[in-house]
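Notebook open, structure loaded. I want to go through a few spots one by one and jot down what turns up.

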Amino acid sequence: MKMKAVVMTEIGAPLRIEEVELAEPKANEVLVKIEATGVCHSDLNALHDETTPIPTILGHEGSGIVVEVGPNVKNVKIGDKVALSWVPFCGTCEFCQTGQVNLCESAFGPMFEGTLLDGTTRLSLNGEKVYHNSLLSTFAEYTVVPEMSCVKLPDEMPFAQASLIGCGVATGYGAAVKAAKVTPGSTVAIFGIGGVGVNAIQGARIAGASKIIACDLKEQNLEIAKTFGATHTVNVGEGNVVEMLKELTGGFGVHFAIDCSGNTNAASTAWQATRKGGTTVVVGAFNPKRELTLPANGFHRVGKNLKGSFYGDVHPFLDFPIIAELYLDGKFKLDELVLSRIQLEDINKAFDSFHNQCCVNVGRTVIEFGGK
Ligand SMILES: [Zn+2]
Ligand SMILES: [Zn+2]
């Protein structure tokens with residue numbers, strides 16, 4: 001079929017709308033009509049990344065309707081409303097069999113190669129191959145994705161809000177609920193208040209934390225953090241952060257610290273501000289050239305857990321519907337994360353807004369295609 005899509009043809013160049021050919025879904029694949037897609041900072045990074053296979057169609061935060069299924073598809077049927085996950089999993093490897101589907105390796109090769117799970121593509125432009133992005137390529141009217149990327153949501157779930165669940169929302173919620181396993185009445189510090197951090201705050205709130213302390217350099221972000229459930233804020237540029245967090249927690253430090261910043265210094269601070277026996281979760285991606293430094297003195301005596309978490313340890317098929325139900329019950333804020341709504345033709349404006357200093361970095365510009 002032919003469809004309108006935004007094609008990245010050059011590293012860093014403005015994106016262009018083209019008429020792209022999309023082949024039909026093969027076994028275990030699904031054709032989805034995209035209804036909403038968020039424009040993420042990771043899309044901006046991919047646009048400027050020399051290793052992105054081009055030409056490609058970016059976009060990895062999406063929701064839509066299943067319009068066709070390939071052979072063997074069992075998880076969804078035509079007409080289902082779905083949110084997309086950019087971490088499809090095989091279901092059979094040791095990680096999948098033990099419930100750690102976020103650690104399944106099957107998606108990583110295709111993710112870097114720009115293909116679907118079988119190593120081939122379904123996209124072409126004027127007879128030339130076009131690569132997929134994060135196995136989703138949502139900046140298009142339609143997409144063919146693995147069935148393990150399609151998570152059925154309730155029909156009442158609005159598309160724009162649904163489109164955001166599969167990236168920063170799931171990662172932040174999961175960091176608090178699944179990875180840290182925040183407990184009722186506990187104290188939690190969240191480092192880095194962005195698209196992941198505000199959702200870690202929401203996860204901690206839902207898990208019943210008594211104190212949720214937002215830590216960031218920007219006053220504006222700290223103010224936003226309060227609207228998502230932070231009970232206290234600490235500006236990390238103003239004084240000794242570890243001491244400030246201990247002061248707020250009876251001298252012990254927090255039960256749980258979650259670093260969403262991707263900054264190794266912040267992660268080290270988060271660990272130092274965690275009380276004995278507590279848990280520090282690192283969910284932000286570090287610069288691979290940096291090293292994480294922790295004080296060696298007394299390391300064995302303090303009994304702390306330090307855990308890295310990919311995709312917030314979520315299981316998309318279990319956790320996306322929970323987040324959707326929490327939203328529909330008025331307990332999880334997603335409306336506030338939709339900062340503006342645009343058409344596909346205006347996509348370059350969304351990328352330009354990342355360079356605008358006054359652009360709030362916790363939410364998303366969402367591209368809509370007309371569905372409700
Ligand atoms: Zn994203
Ligand atoms: Zn697997």
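Before anything else, the cut-off I'm using: a residue is buried when its relative accessible area is under 20%, exposed when over 50%, and partly exposed in between. I also keep in mind that this is a predicted model.

**Entry 1: the zinc site**

I started with the zinc ion (ligand 2) and asked which protein atoms hold on to it. I found the SG atoms of Cys90, Cys93, Cys96 and Cys104, at 2.3 to 2.4 Å from the ion. Along the chain these donors are spaced C-x2-C-x2-C-x7-C. Cysteine 90 sits in the loop between S5 and helix H2 (94-97), while cysteine 104, 14 residues away, is in the loop between H2 and helix H3 (108-113). For reference, I noted that the ideal angle for four tetrahedral donors is 109.5 degrees.

Cysteine 90, at 33%, falls in the partly exposed range.

**Entry 2: aspartate 80**

Next I looked up aspartate 80, in the loop between strand S4 (62-69) and strand S5 (81-84). Its relative accessible area is 4%, so I put it down as buried. What does its side chain reach? I get the backbone nitrogen of lysine 77, at 2.9 Å. Skipping neighbours within four places in sequence, I listed Gly64, Ile65, Val66 and Lys152 as the contacts of aspartate 80.

**Entry 3: the cores**

I then turned to the nonpolar packing. The largest core has 99 residues, and Ile57, Phe139 and Ile258 have the most contacts inside it. Helix H4 (residues 159-180) is the top contributor, giving 13 residues. Where does this core lie? Domain 1 (2-152 + 334-368) and domain 2 (172-310) both supply residues, so the core lies between them. I also noted another core apart from it, with 12 residues, including Val234 and Ala270.

**Entry 4: helix H5**

Last stop was H5 (residues 197-206). Eight of its 10 residues are buried, so I wrote it down as largely enclosed by the rest of the structure. Among the buried ones are Gly197, Asn199, Ile201 and Gln202. I checked what the buried residues pack against and got H4, strand S10 (187-191), strand S11 (211-216) and helix H6 (219-227). After H5 comes glycine 208, with a positive phi near 95 degrees.

Conventions
Residues numbered from 1 in each chain as written. Chains lettered and ligands numbered in written order. Predicted model: local features only at pLDDT ≥ 70, side-chain atom pairs only at ≥ 80, totals over all residues. Heavy atoms only, no water. Helix = DSSP H or I, 4+ residues; strand = E, 2+ residues; numbered from the N terminus. Buried < 20%, exposed > 50% of the residue type's maximum accessible area, 1.4 Å probe, protein only. Polar contact = N/O pair within 3.5 Å; in protein donor to acceptor, adjacent residues only side chain to side chain. Contact = heavy atoms within 4.5 Å. Donors = N, O, S within 2.8 Å, 3.2 Å for Na, K, Ca; no water. Core = buried A, V, L, I, M, F, W, Y, C linked by side-chain atoms within 4.5 Å. Domains from an automatic or database assignment.
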